[in-house]
Amino acid sequence: MLTNLTAIKFSKCEGHKKDMKFLEYVLGNAKALKTVTIRWENVLCIEKELWFSQQVLDIPRASLHSEIYFRS
């Protein structure tokens, strides 16, 4: 299903467990993925944004060439 996925824009991220599960699935299975853009739903406290961002960056990726961008 994710064989040809090259880019994803994940809007309205709130930093919940369900958001992390979705990103783990996509990053772990999309072999052709090049870019992931994550936009925060609301302004989260900076500590939560930093913690969540680091957790996302630590997820093992199926694509060695994917880049992750975080936007407010």
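Which residue of strand 2 does Ala7 stand opposite? Ala7 faces Thr35. The model is predicted.

**Strands and crossover**

Strand 1 (residues 7–13) pairs with strand 2 (residues 35–40). The sense is parallel, and the pairing runs over five bridges. Between strand 1 and strand 2 the chain passes through helix 1 (residues 17–29), and this β-α-β crossover is right-handed. Strand 2 also pairs with strand 3 (residues 67–71), in the parallel sense and over five bridges. In that pairing, Val36 stands opposite Ile68 of strand 3.

**Helix 2**

Helix 2 covers residues 46–57. Its twelve residues should span 16 Å at 1.5 Å a residue, and the end C-alpha atoms are 16 Å apart, so the two agree. Which residues of helix 2 are buried? They are Glu49, Phe52, Ser53 and Val56. An α-helix has 3.6 residues a turn, so residues three or four places apart point the same way. On the other side of helix 2, Glu47, Leu50 and Trp51 are exposed. The cover over the buried residues of helix 2 includes strand 1, helix 1, strand 2 and strand 3.

Val56 shows this packing in detail. Its relative accessibility is 1%, so Val56 counts as buried, the cut-off being under 20%. Setting aside neighbours within four places in sequence, Val56 is in contact with Met20, Leu23, Leu27, Ile38, Ile68 and Phe70. Val56 and Asp19 lie 37 residues apart along the chain, yet their C-alpha atoms are separated by 9.8 Å.

**Aromatic pairs**

The structure holds three aromatic pairs. One of them joins Phe10 and Phe22, and this pair is tilted. Phe10 belongs to strand 1 and Phe22 to helix 1, twelve residues apart, so the pair links distant parts of the chain. Phe10 is buried at 14% relative accessibility, whereas Phe22 is partly exposed at 34%. Trp40 and Phe70 form another pair; their planes are at 10 degrees, so the pair is stacked. This pair also links distant parts of the chain: Trp40 is in strand 2 and Phe70 in strand 3, 30 residues apart. Trp40 is buried at 8% relative accessibility. Phe70 is partly exposed, at 24%.

| Pair | Centre to centre | Angle between planes |
|---|---|---|
| Phe10 and Phe22 | 5.1 Å | 45 degrees |
| Trp40 and Phe70 | 6.2 Å | 10 degrees |

Ring pairs also link Trp40, Phe52 and Phe70 into a cluster. Phe52 is one of the buried residues of helix 2, and Phe70 is among the contacts of Val56.

Key: Residues are numbered from 1 along each chain as its sequence is written. This is a predicted model: local features need pLDDT of at least 70, side-chain atom pairs count only at pLDDT 80 or more; totals for chains, interfaces and linings use all residues. Side-chain values use heavy atoms; hydrogens and water are left out. Two strands pair if DSSP finds at least two bridges between them. Helices (H or I, at least four residues) and strands (E, at least two) are DSSP runs, numbered from the N terminus. A crossover is right-handed if, with the strands pointing away from the viewer, the path from the first strand over the helix to the second runs clockwise. Buried means under 20% relative accessible area, exposed over 50%, partly exposed in between (1.4 Å probe, protein chains only). Contact means heavy atoms within 4.5 Å. The expected span of a helix is 1.5 Å times one less than its number of residues. Rings of Phe, Tyr and Trp (its six-membered ring) pair if their centres lie within 6.5 Å; planes under 30 degrees apart count as stacked, over 60 as edge-to-face and the rest as tilted.
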